Amino acid sequence: MIENVAIPFPVSENGTLDLAKQQKTTDVYISIRQTKKSLCELRAQLSGVSVVLDNDEYSTEYLPLPMLFEMSKGFAKYTKKYGNLHSGQYPVYSASSQKPLIHLDTYDYDGRYMTWATNSFAGTILILNGRFSINGDRGILLPKDDRTDLDFDYMKFILEPIFREMAKGRRGDNGEGEFTKLYPSILEDVMIPVPVDHSSGSGKQCTGIFRCRLLGADGRQVPSASAQLRSMHKQLLASAVYTGRGGLAAKPPPPLEGARWPQAIPPPADGGGE
């Protein structure tokens, strides 16, 4: 079988093997491998980190998720075949958080809402805004009684780790090959810690900015991990050497300290955001 393996080589204009481009490509792959190793080390460090809020101005109450939101799944009929028959401008989101599955000529929701993947990487939360629909691989959290005292960004950071922990099914190494499920019925007993402002007499959630500390497993503060991620990302954006699957930039990468990332990787959050 190995006799039939074909190996792609960069060639020069005259058709000969281009040694310089081979070496340049090798440098790129070495840089990517080094970057992956560094990310795995940072991932291991961050996995033991907990976030502690440093704000004593407001008390926190644990409230049942069903008390705050109605939970429901989308329509299973929204498939690619259905999209071909009812094509339009309004997106339909499925399990993927990257892009819509199809676009329809109608929509089910109009506004800003939290949604979560019920299949695949179950429990990952995506905040959607505008006119859209979801299919059976995504659920939606609808605020009860049209309440407006819930900060969705806060809720996402609180709920997503809980949802991911509750997801059932196969989990792959480093998230690869995962197929988990998380249906609304599983979430009925979830309790949410919500900051509440009793001083105003409203009892509403406080939506202000909270100071926080990152604590490691030993209880010591570890501010370096997220800072390293942000620093590496800024370096990557400055001169990416990897522009997508199989895409390589022209110039070779510097050593590990200046390694570049794929441009498709979103920047680590500097304290919030979707």
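Accessible areas here come from the Shrake-Rupley method with a 1.4 Å probe, and for residues only the protein chains shown count as cover. The model is predicted, so local features need pLDDT of at least 70 and side-chain atom pairs count only at pLDDT 80 or more, while totals for chains, interfaces and linings use all residues. Residues are numbered from 1 along each chain as its sequence is written, and side-chain values use heavy atoms, with hydrogens and water left out.

Select the whole protein chain to begin. Its accessible surface is about 17100 Å², and 53% of that belongs to carbon and sulfur atoms. Of its 274 residues, 34% count as buried, meaning under 20% relative accessible area (1.4 Å probe, protein chains only).

Next, select Leu65, Phe69, Met114, Met155, Leu159 and Phe163, which touch the most other members of the 24-residue largest nonpolar core. Such a core is a set of buried Ala, Val, Leu, Ile, Met, Phe, Trp, Tyr and Cys residues joined through side-chain atoms within 4.5 Å. Helix H4 (152-166) is among the elements that each supply at least two residues of this core; its share, five residues, is the largest. Then select Tyr93, Phe132, Ile134 and Leu142, included in a second, separate core of nine residues.

Finally, display the open antiparallel sheet ordered S7-S11-S10. Strands pair if DSSP finds at least two bridges between them. S10 and S11 (residues 179-181) pair over three bridges, and Phe179 in S11 is the bridge partner of Arg170. S7 (119-120) and S10 (168-170) stand at the edges with a single partner strand each, so one side of each lacks a neighbour in the sheet.

Note on methods: Buried < 20%, exposed > 50% of the residue type's maximum accessible area, 1.4 Å probe, protein only. Helix = DSSP H or I, 4+ residues; strand = E, 2+ residues; numbered from the N terminus.
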